[in-house]
Amino acid sequence: MERALAQTVVWLLAEDRAAERAAARVCNESGAGLYRTPPPSGTPCVVLADASGDGLAGLVDQVRGALPEAYLLGFMAGPDPEAWRLAERAGFDEVVSRGALGPSLRRAIGRLSEGEGVRAHAICDAQDVAGRIGFLMDVDVPGLGQVSLFREKGRLVCLGTCPHKGVSLGRGEVEEGVVTCPAHGSRFDLLTGERVRGPSDFDAPCHPAYEQAGRIWVLPRT
Ligand code: FES
């Protein structure tokens, strides 16, 4: 007998009338529940938060502490690229403009409702990498293949292989927040995967990681 999937919920962590109206509309259409407080642990959940405010790192830690597997969707009222980058670096799974909130929220609810709710993968014990910075390890993650785990400026992040020819970035030189591919010298921002220099024409796949309950987890960004 097939196991019934739990109802997906949206945890609204923002005081924003326009975002609340958009979330209520999408939840109504898709049958998701809308919460103002943390839903029970283990519930498939999209957390909707204002990504333009202060204290983003604390907000991300609050969400990951309460619901490690939640999808953290941030919205921004204005198109400030630097603020956008800061939000992605803080560990949001996705950042969108407030006007584009509806479609992104609908997509995220759809994925979770299809049973893709368990998003985070434990990749090692926290003590295996305790006290180390820069490149920590290469690891195979279901659905992602090989990724390289780094710690930069106190944050954990996983980068996929170099988009140029698929070489691991784990053995590349790290300098001032940028990793250089050991094969042909493409350079990528360590915290966002953003391409800094070719020959790669693309950004490196970048997935947030975090420590929880003595383990290191990676959240595949799709
Ligand atoms: S494989 Fe990375 S630059 Fe060529």
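Predicted model: local features only at pLDDT ≥ 70, side-chain atom pairs only at ≥ 80, totals over all residues.
**Sheets, pocket and selected residues**

Trp11 stands opposite Tyr35 in β2. Strand β1 spans residues 9-13. Four of its five residues are buried, so the strand counts as mostly covered. β1 and β2 run parallel and are joined by three bridges. On β3, β1 has a parallel partner as well, with five bridges between them. One of the residue pairs there is Leu13 with Ala49, its bridge partner in β3.

These strands belong to an open sheet of five, in the order β2-β1-β3-β4-β5, with parallel pairing. The edges are held by β2 and β5. Each has a single partner strand, so one side of each is left without a neighbour in the sheet. On average, neighbouring strands are turned by 25° against each other, direction ignored. Helix α2 packs on this sheet and touches β1, β3 and β4 (71-76). The direction of α2 makes about 150° with that of β1. Helix α3 lies across β4 and β5. Its direction runs at about 155° to β5.

Two residues illustrate contrasting surroundings. Glu94 is found in strand β5, residues 94-97. What relative accessibility does Glu94 have, and does that count as buried or exposed? The value is 19%, and Glu94 counts as buried because the limit for buried is under 20%. Beyond residues up to four places away in sequence, Glu94 touches Tyr71, Leu72, Leu73, Gly74, Ser104 and Arg107. Ser41, by contrast, is exposed, with a relative accessible area of 65%. Ser41 sits in the loop between β2 (33-35) and β3 (45-50). Neighbours within four places in sequence aside, Ser41 is in contact with Ala66 and Leu67.

A second open sheet has four strands. Their order is β10-β11-β12-β13, and the pairing is antiparallel. β10 (173-175) and β13 (195-197) stand at the edges. Val178 has Asp189 in β12 as its bridge partner.

The loop between β11 and β12 contains His184. His184 is partly exposed, with a relative accessible area of 48%. Apart from neighbours within four places in sequence, His184 is in contact with His164, Lys165 and Pro199. The C-alpha atoms of His184 and Gly198 are 8.5 Å apart, and the two residues are 14 residues apart along the chain.

Some backbone features stand out. Most residues other than glycine have a negative phi, and most peptide bonds are trans. The peptide bond from Gly198 to Pro199 is cis, with omega near 25°. Pro199 lies in the loop between β13 and β14. Lys153 is not a glycine, yet its phi is positive, at about 55°. Lys153 belongs to the loop between β8 (145-152) and β9. It is exposed, with a relative accessible area of 65%. Glu176 also has a positive phi, near 50°. Glu176 is placed in the loop between β10 and β11. At 77% relative accessibility, Glu176 counts as exposed.

The largest pocket holds about 350 Å³ of space. Of the 23 residues that line this pocket, Asp61, Arg155, Leu156, Ala209 and Tyr210 are the closest to its centre. Which element supplies the largest share of the lining? That element is β14, with seven residues. At least two lining residues each come from α2 (56-66), α3 (81-90), β9 (155-160) and β14 (206-212). By type, the lining divides into nine nonpolar, six polar and eight charged residues.

Methods
Residues numbered from 1 in each chain as written. Heavy atoms only, no water. Buried < 20%, exposed > 50% of the residue type's maximum accessible area, 1.4 Å probe, protein only. Contact = heavy atoms within 4.5 Å. Pairing = 2+ DSSP bridges. 1 Å grid on protein atoms, 1.4 Å probe; cavity = no way out; pocket = protein on both sides within 12 Å on 5 of 7 lines; lining within 4 Å. Points joined across faces, edges and corners; volume = space filled by probe spheres on them. Nonpolar A, V, L, I, M, F, W, Y, C, P; charged D, E, K, R; others polar. Axes fitted to C-alpha atoms, helices over the stretch in contact; angles between N-to-C directions.
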